[in-house]
Amino acid sequence: QVQLVESGGGLVQPGGSLRLSCSASGDNFRINAMGWYRQVPGNQRELVADCTGGGNTMYADSVKGRYTISRDNAKNTVYLQMNSLKPEDTAVYYCKAVVSLRGSRYEYAYWGQGTQVTVSS
């Protein structure tokens, strides 16, 4: 069992910044990748940024140059620095961890509870 706890969401004006964090806890697991997704009501959940265990990162085209994902492996924590925020960035942001559990050959995906980001004047 792995738990993900997110924080850092809130209300910000256009052009402002926020930093989201997501920490994973549990026993007998290894994190293979962590990433951020976002979802607007009525829309599909969208991949925003991803960081693999090897340190490779990827970003959605809509956030490239404005968002930065980083990972602290020692703390099992992933961050999302969001700059130059736009109203269209408004969404619920979800953290996802892909993990391996001891004794299992399979990978499992765990999701955070979501944190609301609202960009508005």
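Cys51 is buried in this predicted model, with a relative accessible area of 6%. The sulfur of Cys51 lies 11 Å from the closest cysteine sulfur, that of Cys95, which is too far for a bond. A disulfide requires the two sulfur atoms to be within 2.5 Å.

The link bridges distant parts of the chain, since Cys22 belongs to strand S3 (residues 18–26) and Cys95 to strand S9 (residues 91–101), 73 residues apart. Because the torsion about the S-S bond is about -80 degrees, the disulfide of Cys22 and Cys95 is left-handed. A disulfide is a covalent bond between the sulfur atoms of two cysteines.

| Residue | Relative accessible area | Class |
|---|---|---|
| Cys22 | 0% | buried |
| Cys95 | 0% | buried |
| Cys51 | 6% | buried |
| Asn28 | 44% | partly exposed |
| Asn76 | 26% | partly exposed |

In soluble globular proteins, nonpolar side chains tend to be buried together. Here the largest nonpolar core has 30 residues, and the members with the most contacts inside it are Leu4, Met34, Trp36, Leu80, Met82 and Tyr93. At least two residues of this core come from each of S1 (2–7), S3, S4 (29–39), S5 (46–52), S7 (67–72), S8 (77–82), S9 and S11 (115–119). Strand S9 gives the most, with five residues. Leaving aside residues up to four places away in sequence, Met82 touches Gly16, Ser17, Leu18, Leu20, Arg66, Tyr67, Tyr93 and Val117.

Strands S1 and S3 pair in the antiparallel sense over six bridges.

Most residues other than glycine have a negative phi. Asn28, however, has a positive phi of about 55 degrees without being a glycine, and its place is in the loop between S3 and S4. Asn76, likewise not a glycine, has a positive phi of about 50 degrees and lies in the loop between S7 and S8.

Taken as a whole, the protein has zero helices and 11 strands. The radius of gyration is 14 Å, close to the 14 Å that the globule rule gives for 121 residues, so the protein is as compact as a globular protein of that length. Along the principal axes, the C-alpha atoms fill a box of roughly 50 × 25 × 25 Å. Of the 121 residues, 40% count as buried. Among contacts between residues at least 6 apart in sequence, 55% join residues at least 24 apart. The accessible surface comes to about 6,500 Å², and 45% of this area belongs to carbon and sulfur atoms.

Notes. Residues are numbered from 1 along each chain as its sequence is written. This is a predicted model: local features need pLDDT of at least 70, side-chain atom pairs count only at pLDDT 80 or more; totals for chains, interfaces and linings use all residues. Side-chain values use heavy atoms; hydrogens and water are left out. Helices (H or I, at least four residues) and strands (E, at least two) are DSSP runs, numbered from the N terminus. Buried means under 20% relative accessible area, exposed over 50%, partly exposed in between (1.4 Å probe, protein chains only). A nonpolar core is a set of buried Ala, Val, Leu, Ile, Met, Phe, Trp, Tyr and Cys residues joined through side-chain atoms within 4.5 Å. Contact means heavy atoms within 4.5 Å. Two strands pair if DSSP finds at least two bridges between them. The radius of gyration is taken over C-alpha atoms; the globule rule is 2.2 Å times the number of residues to the power 0.38. Accessible areas come from the Shrake-Rupley method with a 1.4 Å probe; for residues, only the protein chains shown count as cover.
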